[in-house]
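Biologist: Please pick one part of this model and look at it closely. How do its strands line up?

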Amino acid sequence: MKKLVYSLSLIALLACEKEIDFEIPDPGKKAVIETRLQYGETINLYLSESVYSLSAENPAYRDDFEAYLYTSEPGSPFPFEVIENPDFGPEYIYQLNHSLNQGQNYRIVVRADGIPRASAEERLLEVVEIEDFNYNREDKEFTFRFRDDAATEDYYMVTINELGSDNLIFSTLDLNMEFFGYSDFFEDGEFDGRQFGFEAYLPDESFNGKSREVKVRLEQPTEAVFIELRLHHISKSYYRHELTKSAYETSDGFFSEPVQIFSNVENGYGIMATSASDIEKVQY
Amino acid sequence: MRNTILGLLLLASLAISAQSSYTLSGYVEDAQSLERIIGVNLYLEGTTVGTTTNTFGFYSLSLAPGEYDLVVSFIGYQSIRKKLVVKDQNIKLDFKLEEEASTLEEVTVTAEEMQVERVQMSQVQLSVTEIKKIPAFLGEVDIIRAIQLLPGVQSGNEGTTGFYVRGGSPDQNLILLDGVPVYNASHLFGFFSVFNADAIKNVNLTKGGFPARFGGRLSSVLEIDMKEGNMREFHGEGSLGLISSKLTLEGPIWKDKTSFIVSGRRTYYDILASPFIPEGQDFGYYFADLNAKINHNFSRKDRLYLSYYNGIDDFSFREEYQDDPFFGGGEGYDESGLDWGNHTGALRWNHLFNDKLFSNLTATFSQYRFSIGFESYYEEDNDISSNGFEYFSLIRDYGLRYDLEYALDNSHQLRFGASYTNHTFRPGVAQIEETFDGASVDSILDLSQKVLANDFFAYVEDDWKLGERWRINYGLHYSAYLTNDDAFYHNLQPRVSARYLVNDRLSLKGSYALMNQYVHLLSNSGIGLPTDLWVSSTAKVKPQRSQQVALGATSSLWGNRFELSAETYYKTMNNLIEYKEGASFIANTDWQNTVETDGEGQAYGLELLFRKKKGKTTGWIGYTLAWTNRRFGNLNNGDWFPYRYDRRNDISVVINHQFSEKFDLGLTWVYGTGNSFTAPVAQFKLSGGDWGFPGTYDRFSDRNALRMPAYHRLDLGFNWHKKTKWGERTWNISVYNAYSRQNPFFLYLSQNNLGQRRINQVSLFPIIPSISYQFKF
């Protein structure tokens, strides 16, 4: 009997977890493109290579990619130049000083040794103007309106920045605005449903073709003299990439489906995003 | 309205009488307990004229004057043969069936209506006696686990009691306990179902070919009838198991008029564990059920049933603490808890208008509530500070339903009726309480809009015997749904099933059903966790809709001792919903903003069932070959992907052998293609990770593109019965997963000691022996 109990206990303990031989299909190394084309800004492009999930290697940024910007302008394609990143972040930056035009399509093509050619294409959107702008300095509250185009599916992002610098934390009671990066409902002492974050996203599905009012409150003190409220008209790809990336990072559902980070790169991974921004500058 | 219906039916009756037909009607009851028996077969020997008793044991037959041999039979009971002489008046005849003294002898199956003869396809009935012979998990006989062994029905993850019918999701199963919907049928995160087998009389699963009286769900209807209680004698039964015990008492309140049954079950893990929990801490989990039913027989024409169910799961953790005097010496506690449960109630009134017209009026109540919360309390020098948070979701229904059955003649059995349900949905409510320096704040925040909905349907259905060979059940189901956000949906759903009798032993069947479903279950996991939210169709979220076509053949073999049935089906589904990628049940926005609403589904397959119901050895072998896929615009790049529980091959073998009146052995073996899953195929970097540094991310395969290893398991159950002075006792020894197969529960990517990335498989249950003691008096 003792032996039986011992044997059963041993079987029970061994039954819990084991390493198994399981073949996951290998998609091979691929290029990872990461860039956001912004109206009026220099193009910064980060390029890296992916690795097989069961490989002992790690994914890495590389400085030997050939990268080109294709446009309908004469002289296209325009080559990117690679530099070492002087700041923290990816080791290398592929840069191109090129004047970007609203409403125009852009295509980026990259290739490197051992990595198949990858490309991404996106249209640079038009700036959507901020209207009826008001800043209540006492409450640090911004109120403004903008008009959505009924003919297109649009996505917006709102940020508050130190002049030409980092995003600041702000809040809103508007439940249709989504914070992907930092949004902590439960830790808010007021418990009034206010959401917090650095970037608030707003798809036009509930106000397509209408004028939309936005009310946000700055929550982070700053030493800056001037601050900016920015309304970014962003591409759907950018919205979906940021949404899924945030969901990937915050997903803790043990049994839930894993989140696939959205990519618009053909034969590769990553994102080519575009945005066009209208900016209101005020004294803090 | 009622008078109009009665008037029309009276006219129809007169028309029938003009043809010199008379009605034979009555009830069939258990001779010992006087409980009415469902599905008893009554037929005239040597003819194809016959019928079966309805849910309340009532039957009605039209007969021309003459002499007949009537046979009344039901499995497990001695058949009655009666000579009948029909002259010039209707006959009321009730039957009391005696249980068979022994079921050991091989007998020809003349009991219950043979599958070959029935028009209804895609339906399986299981008796509780049959279910109790299936090996039990941890000594707990489980109805849903038995259902999972049928072809076309798949289990979800290891050990859980969610079930998936013909590619549908768990919310597409309408589970009715005495006619009342049960929204969450799981205890202990799905490892046990809420149905206490000791309180259950009958189980009936319909997977397709839905008659018009059913509605509101796309994939299946599981009807579970509670016992009524013995009208004549006081009896009890119970069991003592490793994790729970249960006790059922039944008997007459007023002999032959009123009876009761009450049944309770509770786990005692919390009680057993309490001596081992450190001082200052309290940790516990239990689940408990209470079933109760009273029925009163006013007269042959009127009978009233009142049934009630309450089930609860409660998980709690509490820790008390005292600060060091240096830090103030205050004391306090932190407490957190998770609880969920169903309440259901039904009041049913059977009324017999005349020998042909039977009615049942049901008033129902059903509620499912899930709650998660925490509380923190601290007291120092009479200064109290506390805060608490509770998040709950709830669905509550009040309903009224009226069903009528009219035996027009032996060719037409009409059913018609209507139902109204008022739903209240509160999918996400947060309640915050805070006390500090004597000031209190108490606020309630409806994170999701409260939805009130009016759900109405009406149906008419005819079971039509068309000559010797054809039998057709056809009908229409109309439903309408109105919510407080002004969403209004309505829908006419045609249903038809047909049977062609090739010969006495072979029939061919076909069916078509259009189904509509106004409620949805939002699930992160798909495995039936209590956190899943029941939500309503709204102006933004449309009702789910399906169409199903099924074709099949049923054959009786070897002197009707065996049945073989084969069915193929094709089902399409629309307006399915699913959480957007990464969204979850606790969101700071209305749930409608967190879901994809454009889901499509398709399911098709073949089901085979080979079954033996009588003799020393009983059981079945079931095989399912199936495909089920889903598509959402924003998931998997808008491409079709296999549903989480898409399972190509599914086999179940269920065998019970009765060696003698004292000993019987049960065996089940199941095999299933591994569940589909999504795994990382590559890793890549993106800037803007933590603190602005690049982060490493996984690129996953297409959704559910990979397969886990196959699942198979053998369970054994051994029963030793003994008659005692006071009744009967049974020792049950069960072995779950007898050859300790390490079945995959989930797989994950890990890095081993050599730095290599590998796939690890986690299994849940190895071999689990258990013992229980059952008694009956």
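Modeller: Two strands pair if DSSP finds at least two bridges between them. A strand is a DSSP run (E, at least two residues), numbered from the N terminus. This is a predicted model: local features need pLDDT of at least 70, side-chain atom pairs count only at pLDDT 80 or more, totals for chains, interfaces and linings use all residues, and side-chain values use heavy atoms, without hydrogens and water. Residues are numbered from 1 along each chain as its sequence is written, while chains are lettered from A and ligands numbered from 1 in the order in which they are written.

Go to strand 35 of chain B, residues 562-579. B:E567 in strand 35 faces B:G552. Strands 34 and 35 of chain B make a hairpin, with 4 residues between them. Look at B:W558 in that turn: its phi is positive, about 45 degrees.

Now take strand 36 of chain B, residues 595-612. Strand 35 is joined to strand 36 by 15 bridges, and this pair also runs antiparallel. Find B:L608 in strand 36: its bridge partner is B:A566.

B:L242 sits between strand 18 (235-240) and strand 19 (244-254). B:L242 is partly exposed because its relative accessibility is 42%, and that class lies between buried (under 20%) and exposed (over 50%), using a 1.4 Å probe and protein chains only.
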